[in-house]
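User: I have a structure to go through with you. Could you take me through its architecture and its side-chain packing?

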Amino acid sequence: MNPNKKRLRRTMMFLNAQKPSLMRDAFVYKPDSVIFDLEDAVAENQKDTARFSLYHTLKEVNYRGVERVVRINGLNTPYWEEDIRASVAGGCDCIRLPKCEYSKEILQVKAEIEKAEREFNRPVGSTLIMAAVESPRGIFNAVELCESTDRLMGIAIGAGDYMRTMGTKRHDDGQEMAFARGMVLNAAKLAGIQCFDTAYTELDKMDVFEREVKLIKQLGFDGKSIISPKQIEIVHRVFTPTEQEISQAERVVRAIEENAETGVGVFVLNGKMIDIAFLEGAQRTIALAKAAGVYEGDL
């Protein structure tokens, strides 16, 4: 398995691939991932220019550990194959497929990525795939999508097209997204891949944005698409475990390890029944704390 498949992705910041000045310095804001957008952000007559800019950015800029994802154009366009070639040639980490509805689409992208990896002498399997669902069909086919290939690291919800199809719009309480979030999140967890919430586009409602981030963390999402550096601090703060959560996670990990040595699988810790099922959550808490720079323990 690609070792980067399970990396932390609390924030995935969209950047217009048509604007080198935006792409060049994005790493300074320290998102976990950036998404270079060749799709909606780029006008029809600028696709070639954006692709050229993307390739040179990927080749020349050191992103200092920030993951580099490329959102290609959809498979119903004449651009997607060349998008993949330029992205893989430049050395991107992941391809994001928009408007995904069927597993066969992901497999088409996988085949094209593998061709490009061989063509440009990149290790076969090194480029991950991320699917984005933006329609009712995509939502209902989420399990099929999530189980399509080992290259798939995660699935994301895109609310814009989905809201238009549903005949509604985004509201502050987010109720219109409840069904879609539940469906896609459960599909991702079933398949053992990550799940990312849709972007929130109203930058003058940061209080609403923070409530939404707290909600998706509570639900179990791994991160959120964002559109501005202003949103990074809020997402990272919400996803950063508290001292109490870190301490409890340490105790759980150590207690499970100690009890495993004596053959005990279920035990009580601080008045709560604990078993091996708690281990993954505790380890994720510690991993998040490390990523946020607030953990200096030895686990």
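**Strand pairing and ring contacts**

Analyst: Strand 2 and strand 3 run parallel and are joined by five bridges. Please note that this is a predicted model.

User: Which residue of strand 3 stands opposite V34?

Analyst: V34 has R68 opposite it in strand 3.

User: And how many bridges join strand 1 to strand 2?

Analyst: Five bridges connect strand 1 and strand 2, and these two run parallel. Within that pairing, F14 has I35 of strand 2 as its bridge partner.

User: Is strand 2 enclosed or open?

Analyst: Five of the five residues of strand 2 are buried, so the strand is largely enclosed by the rest of the structure. S33, I35 and D37 point one way from strand 2, while V34 and F36 point the other way, and all are buried.

User: What do the strands form overall?

Analyst: They form a closed barrel of eight strands in the order 1-2-3-4-5-6-7-8, with parallel pairing. From one strand to the next, the twist averages 25°.

User: Which strands does helix 4 touch?

Analyst: Helix 4, residues 103-119, packs on the sheet and touches strand 4 (94-97), strand 5 (128-133) and strand 6 (152-157). The direction of helix 4 makes about 150° with that of strand 5.

User: How many bridges join strand 1 to strand 8?

Analyst: Strand 1 (residues 11-16) and strand 8 (residues 223-226) run parallel and are joined by three bridges. M13 has I226 of strand 8 opposite it.

User: Let us move to strand 6. How many of its residues are buried?

Analyst: Six of the six residues of strand 6 are buried, and the strand is mostly covered. Strand 6 pairs with strand 5 in the parallel sense over five bridges, and M130 has G154 of strand 6 as its bridge partner. Strand 6 also pairs with strand 7 in the parallel sense, over three bridges.

User: Which residue of strand 7 does G154 stand opposite?

Analyst: G154 stands opposite Q194 in strand 7. Q194 belongs to the strand that covers residues 194-197.

User: Is Q194 buried or exposed?

Analyst: Q194 has a relative accessible area of 6%, which is under the 20% cut-off, so it counts as buried.

User: What is it in contact with?

Analyst: Leaving aside neighbours within four places in sequence, Q194 is in contact with K5, K6, R7, R9, M153, G154, I155, A188 and D222.

User: Changing topic: how many aromatic pairs does the structure hold?

Analyst: The structure holds four aromatic pairs. One of them is F27 with Y63, whose ring centres are 5.8 Å apart.

User: Why is the pair of F27 and Y63 classed as it is?

Analyst: The planes of F27 and Y63 stand at 75°, over the 60 degrees required, so the pair is edge-to-face. F27 lies in the loop between helix 1 (20-24) and strand 2 (33-37), and Y63 in the loop between helix 2 (47-60) and strand 3 (67-71), so the pair ties together parts that are 36 residues apart in sequence.

User: Are those two buried or exposed?

Analyst: F27 counts as buried at 14% relative accessibility, and Y63 counts as buried at 3%. F27, F36 and Y63 form one aromatic cluster.

User: What about F140 and F179?

Analyst: The ring centres of F140 and F179 are 5.6 Å apart and the planes are at 45°, so this pair is tilted. The pair links distant parts of the chain, with F140 in helix 5 (residues 136-140) and F179 in helix 8 (residues 178-191), 39 residues apart. F140 counts as exposed at 56% relative accessibility, whereas F179 counts as partly exposed at 44%.

User: Where does the charged end of K104 sit?

Analyst: The charged end of K104 sits over the ring of Y102, 5.4 Å from the ring centre.

User: Finally, what does UniProt place at residues 10-229?

Analyst: UniProt, in an unreviewed entry, places the feature "domain: HpcH/HpaI aldolase/citrate lyase" at residues 10-229. Over residues 10-229 the chain is 42% helix and 18% strand, and the end C-alpha atoms are 13 Å apart.

Key. Residues are numbered from 1 along each chain as its sequence is written. This is a predicted model: local features need pLDDT of at least 70, side-chain atom pairs count only at pLDDT 80 or more; totals for chains, interfaces and linings use all residues. Side-chain values use heavy atoms; hydrogens and water are left out. Two strands pair if DSSP finds at least two bridges between them. Helices (H or I, at least four residues) and strands (E, at least two) are DSSP runs, numbered from the N terminus. Axes are lines fitted to C-alpha atoms, for helices over the stretch in contact, and angles run from 0 to 180 degrees between N-to-C directions. Contact means heavy atoms within 4.5 Å. Buried means under 20% relative accessible area, exposed over 50%, partly exposed in between (1.4 Å probe, protein chains only). UniProt positions are given in the numbering used here, feature names are shortened, and annotations may be inferred rather than shown by experiment. Rings of Phe, Tyr and Trp (its six-membered ring) pair if their centres lie within 6.5 Å; planes under 30 degrees apart count as stacked, over 60 as edge-to-face and the rest as tilted. A charge sits over a ring if NZ of Lys or CZ of Arg is within 6 Å of the ring centre and within 35 degrees of the ring normal.
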